[in-house]
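Subject: Handover of a structure and its findings

Dear colleague,

I am passing the structure below to you.

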Amino acid sequence: VGVNITLPMEPTTKSIPKRNLSIENTLDLNEHFAEKSQISVVSKTTCLNFSAGVAPENFSVFDSLTKLFEYYKKSCIQSDWLESFEFLLQWPKLPLSKKKEHY
């Protein structure tokens, strides 16, 4: 079953304003830049203080091993070897026999 719909050719009364999508502040081509990932383990009572120039939105908080594992799976180019450790996510629920197999 198909439905044919004819749309009017006249422009709509509401037009979306065009925006400049070009990058205004580019990186200096004569400089070297690098992006780094750093992971720190902090306790529940630790207060995180961000230094000047460091935006908190550039940080991720992982409050479970599952979320951390998913982050690494998405970040690793070759995540096949990482998947072999996926059993660790279920470690507390595994019976002793299965734990011994993996150990």
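A residue is called exposed when its relative accessible area is over 50%, buried when that value is under 20%, and partly exposed in between. By this rule Glu 101 is exposed, because its relative accessible area is 58%.

Please bear in mind that the model is predicted. The mean pLDDT of the protein is 80, and 90% of its residues reach 70 or more. Among the elements, helix H3 (residues 96-102) has the highest mean pLDDT, at 89, whereas helix H2 (residues 80-83) has the lowest, at 82.

Salt bridges

How many salt bridges does the structure hold? There are two. In one of them, the side chain of Glu 101 meets that of Lys 98, with 3.9 Å from N to O. Both residues belong to helix H3, and because they are three residues apart there, about one helical turn separates them. Lys 98 has a relative accessibility of 38% and therefore counts as partly exposed, while Glu 101 is exposed.

The side chains of Lys 67 and Asp 63 also meet in a salt bridge, at 2.9 Å from N to O. Here Asp 63 is exposed, with a relative accessible area of 59%, and Lys 67 is partly exposed at 45% relative accessibility.

Aromatic rings

A pair of aromatic rings is described by the distance of the centres and the angle of the planes. The count of aromatic pairs in this structure comes to four. One of them joins Phe 87 and Trp 91, whose ring centres are 6.1 Å apart. Trp 91 is partly exposed, with a relative accessible area of 27%.

The largest pocket

The largest pocket holds about 1,000 Å³ of space. Its lining consists of 25 residues, and those nearest the centre of the pocket are Gln 38, Ile 39, Ser 40, Phe 59 and Ser 60. What kinds of residue make up the lining? It divides into 13 nonpolar, ten polar and two charged residues.

Ile 39, one of the residues nearest the pocket centre, is found in the segment before helix H1 (65-75). Its relative accessibility of 44% makes Ile 39 partly exposed. Ile 39 and Val 61 are 22 residues apart along the chain, and their C-alpha atoms are separated by 9.7 Å.

A further residue before H1

Phe 50 also has its place in the segment before H1. At 36% relative accessibility, Phe 50 counts as partly exposed. Between Phe 50 and Lys 74 there are 25 Å in space, C-alpha to C-alpha, and the two are 24 residues apart in sequence.

With kind regards

Methods:
Residues numbered from 1 in each chain as written. Heavy atoms only, no water. pLDDT = per-residue confidence, 0-100. Helix = DSSP H or I, 4+ residues; strand = E, 2+ residues; numbered from the N terminus. 1 Å grid on protein atoms, 1.4 Å probe; cavity = no way out; pocket = protein on both sides within 12 Å on 5 of 7 lines; lining within 4 Å. Points joined across faces, edges and corners; volume = space filled by probe spheres on them. Nonpolar A, V, L, I, M, F, W, Y, C, P; charged D, E, K, R; others polar. Phe/Tyr/Trp six-rings, centres within 6.5 Å; stacked < 30°, edge-to-face > 60°. Buried < 20%, exposed > 50% of the residue type's maximum accessible area, 1.4 Å probe, protein only. Salt bridge = Lys/Arg side-chain N within 4 Å of Asp/Glu carboxyl O.
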